[in-house]
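Thanks, everyone. I will go through one structure today, starting with a helix, then the sheets, then a helix pair and the chain contact.

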Amino acid sequence: MSENSKNNVLLEVNDLKMYFPVTKGILIQRKVADVKAVDGVSFTIKRGETLGLVGESGCGKSTTGRAILQLYKPTGGSVKFEGEELTTMKGERLRQQRRRMQMIFQDPYASLNPRMTVGNIIGEPLEVHNIAKGKEKRERVQELLRVVGLNPYFVNRYPHEFSGGQRQRIGVARALALNPDFIVCDEPISALDVSIQAQIVNMLKDLQIEFGLTYLFIAHDLSMVRYISDRIAVMYLGKIVELTDYDTLYENPQHPYTQALLSAVPIPDPYIEEKRTRIILEGDVPSPINPPSGCNFRTRCPRVMDICAEVDPEWKNIGADDQEHWVACHLY
Amino acid sequence: MTTLLEVKGLKTYFFTEEGVVQAVNGISYKLDKGELLAIVGESGCGKSVGVMSLIRLIPQPPGKIVAGEVLFEGRDLLQMSDDEIRQVRGNRIAMIFQDPMTSLNPVLTIGFQIMEALQLHLGMDKEQARKRAIELLEMVGIPGAEKRLDDYPHQFSGGMRQRVMIAMGLSCNPQLLIADEPTTALDVTIQAQIVDLVKGLREKIGMAIIWITHDLGVVAGIADRVIVMYAGKIVEEAEVHDLYANPHHPYTLGLLKSIPRLDQGHDEKLIPIEGLPPDLVDLPPGCPFAPRCSYRVDRCTEEDPPTDYVTPLHRVACWRWEDVIADQSKNGGQRV
């Protein structure tokens with residue numbers, strides 16, 4: 001990494017925790033436990049890069065994205081955006097910062113209000129932040145539609161008149177309306193058909209170059225994440241287990257969970273599939289209410305040792321030279 | 001190999017207020033005993049409706065099987081009486097669905113739901129059925145099978161529920177198992193478990209399977225033969241190795257090029273298929289893929305392409321498949 005890389009950091013997440021209370025009782029609600037959805041994750045995202053966040057359902061990857069944007073109030077830890085702490089920010093200042101951080105949601109059917117026209121959906125952020133009104137707003141919306149590859153004359157149509165892929169484009173246009181620096185893409189393609197997925201991913205890649213965007217790309221599809229990301233973080237049960245650049249992660253995965261996850265991804269080639277040996281993980285992901293002691297992957301880990309039950313593995317950089325390869329495992 | 005199932009010219013339409021949806025528009029194929037046939041396609045291409053029609057699980061109205069024959073072990077399933085088809089469903093032909101959360105009854109125990117079919121189809125008494133149910137749960141790898149029999153579906157995880165569904169499907173030793181996107185709702189590591197399980201069971205029991213999916217990766221690892229569907233029609237069919245190495249139809253080729261591969265470089269750009277799938281109510285004349293096809297010529301939008309047999313096991317419905325292959329070999333093929 002270069003000398004001035006420190007200045008290039010756009011987002012810095014440190015020991016972020018997001019717990020949701022589990023309550024009991026009908027009238028008087030007592031807190032009986034916590035769902036540790038995100039339990040101490042740390043990473044940085046550099047300006048202009050894409051960090052992929054992968055993991056299975058329920059591992060806390062979406063919660064991480066939302067906690068970063070302060071859509072949830074994090075239980076602990078810090079989120080710094082351009083060096084400024086977001087978790088303690090309030091009121092007008094937070095509202096100002098929100099302009100610069102946007103989100104694209106997974107479900108293109110649920111994330112657009114069916115009773116608003118496309119023009120109003122995309123134009124709403126412009127009005128909320130007093131950026132444009134009337135004719136100016138309309139022109140900006142039409143420009144945004146053009147940017148995401150839709151016909152500008154669609155402004156008066158309603159979401160139901162569009163297909164899933166087109167709706168996702170509307171969602172992208174809405175996210176772009178305020179010229180953000182940072183976009184959390186929360187599984188933006190998993191609800192789409194294969195032939196449409198590539199259209200959206202290519203568009204996201206082009207927009208990134210055009211507008212200098214920084215992405216946190218959340219997904220469970222490892223091959224797609226590898227395709228779009230510069231660096232990839234693998235999450236398991238509320239923690240990041242491994243983080244490195246896309247090539248290293250694929251060529252030289254170190255954490256047993258990453259290895260199993262990669263080996264489970266089918267490759268569309270029957271000759272390769274015949275020769276591959278899979279690491280099949282036993283059992284299911286444990287409950288985040290009561291995660292296992294020590295390393296939380298130990299209950300399914302094929303290389304479990306005695307120490308794994310006792311000590312939580314340290315998050316350390318095992319990369320050679322100046323290469324970054326972070327992993328949390330007692331094997332290293 | 002002996003033929004287990006033969007589908008001839010099957011057409012299933014839905015008569016809706018907007019018009020007639022031609023969900024399945026004349027498909028024909030054969031399935032041998034013990035074979036695994038994958039049907040691939042995007043949502044709305046008719047792959048699910050196509051197999052639901054086989055055992056007449058189409059809601060009528062608005063749906064209707066308007067033409068075709070489905071010969072299973074020599075008898076036409078479409079001509080059977082309701083009682084007769086009920087004897088076939090769940091017994092000779094079993095089906096497992098995409099969503100293991102909604103296909104089990106939440107207020108009945110797992111044991112009850114498995115035993116029901118055993119008592120109904122095989123005439124077992126409660127004792128026998130319970131014993132068999134335990135065997136089945138053990139076979140699909142559910143630990144502590146005897147105790148778990150009295151658990152309710154919500155006490156199982158998604159992967160475990162899919163295992164229960166498979167156990168139910170296998171309970172009457174079916175000749176044919178229809179699996180409709182059985183791993184789509186599951187995580188990759190759980191998907192690998194289920195695929196592994198089905199492979200093992202197939203070797204042990206030797207039933208034929210129709211596996212419906214949109215995931216070309218899963219198909220590569222499990223299928224013997226693949227059918228690619230688009231807008232209610234079969235556009236290509238081939239043995240699995242042949243299909244991936246020599247796709248003949250522009251749609252198959254497009255699908256393969258639009259998905260990123262874990263073993264491929266980061267910088268190769270994905271080539272999406274432009275445009276959208278057609279509206280099945282208002283199908284354009286000619287080849288349904290024509291509006292999105294880069295090989296389109298005038299003829300494609302005028303005449304429906306015939307199905308050509310390139311080899312006895314490889315068929316394709318495209319006017320220009322010869323040009324597609326010629327281009328492929330020029331560019332060094334999809335991969336070798």
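Before the first item, one cut-off: a residue is called buried if 20 or more other C-beta atoms lie within 10 Å of its own, with the C-beta atoms placed from the backbone. Please also keep in mind that this is a predicted model.

So, helix α1 of chain B, residues 47-54. How many of its residues are buried? The count is 8 of the 8, so α1(B) is largely enclosed by the rest of the structure. By name, the buried residues are K47(B), S48(B), V49(B), G50(B), V51(B), M52(B), S53(B) and L54(B). After the helix comes R56(B), which has a positive phi, near 55°.

Next, the sheet in chain B. It is an open sheet of 8 strands, and the order is β6-β7-β8-β3-β9-β10-β12-β11, with mixed pairing. At the edges are β6, residues 93-96, and β11, residues 308-311, each of which pairs on one side only. From one strand to the next, the twist averages 20°.

Within that sheet, take β3(B), residues 36-40, and β8(B), residues 208-213. These two strands run parallel and are joined by 5 bridges. One residue to look at is L36(B), whose bridge partner in β8(B) is I209(B). A helix also packs on the sheet: α6(B), residues 158-170, touches β6(B) and β7(B), the latter being residues 176-180. The direction of α6(B) makes about 170° with that of β6(B).

Now over to chain A, and strand β3 there, residues 50-54. Is this strand enclosed or open? In β3(A), 5 of the 5 residues are buried, so the strand is largely enclosed by the rest of the structure. As a reminder, in a regular strand the side chains alternate between the two faces of the sheet. For β3(A), both faces are covered: one side has T50(A), G52(A) and V54(A), the other has L51(A) and L53(A), and all are buried.

Which strands is β3(A) joined to? One is β8(A), residues 214-219, which runs parallel to β3(A) and is joined to it by 5 bridges. There, T50(A) stands opposite Y215(A). Another is β9(A), residues 231-236, also parallel, with 4 bridges to β3(A). In that pairing G52(A) has I232(A) as its bridge partner.

Staying in chain A, a helix pair. Two packed helices are described by the angle between their axes and the distance between the axes. For α3(A), residues 118-128, and α5(A), residues 164-176, the axes come within 7 Å and cross at roughly 30°. That angle makes α3(A) roughly parallel to α5(A). The crossing of α3(A) past α5(A) is right-handed. On the α3(A) side the contact is made by V118(A), I121(A), I122(A) and P125(A), and on the α5(A) side by I170(A), A173(A) and R174(A). These residues divide into 6 nonpolar, no polar and 1 charged.

Last, the contact between the chains. Here 38 residues of chain B are in contact with 37 residues of chain A. On the chain B side, the elements giving two or more residues are α7 (188-205), α8 (216-222), α9 (240-245) and α10 (250-258). Which of these gives the most? That is α7(B), with 6 residues. The chain B side as a whole divides into 17 nonpolar, 13 polar and 8 charged residues.

That is the end of the tour.

Key: Residues numbered from 1 in each chain as written. Chains lettered and ligands numbered in written order. Predicted model: local features only at pLDDT ≥ 70, side-chain atom pairs only at ≥ 80, totals over all residues. Buried ≥ 20, exposed ≤ 12 C-beta atoms within 10 Å, placed from the backbone. Pairing = 2+ DSSP bridges. Contact = placed C-beta atoms within 7 Å. Nonpolar A, V, L, I, M, F, W, Y, C, P; charged D, E, K, R; others polar. Axes fitted to C-alpha atoms, helices over the stretch in contact; angles between N-to-C directions. Parallel < 35°, antiparallel > 145°, perpendicular 65-115°, else oblique. Left-handed = near helix turned anticlockwise from the far one by under 90°.
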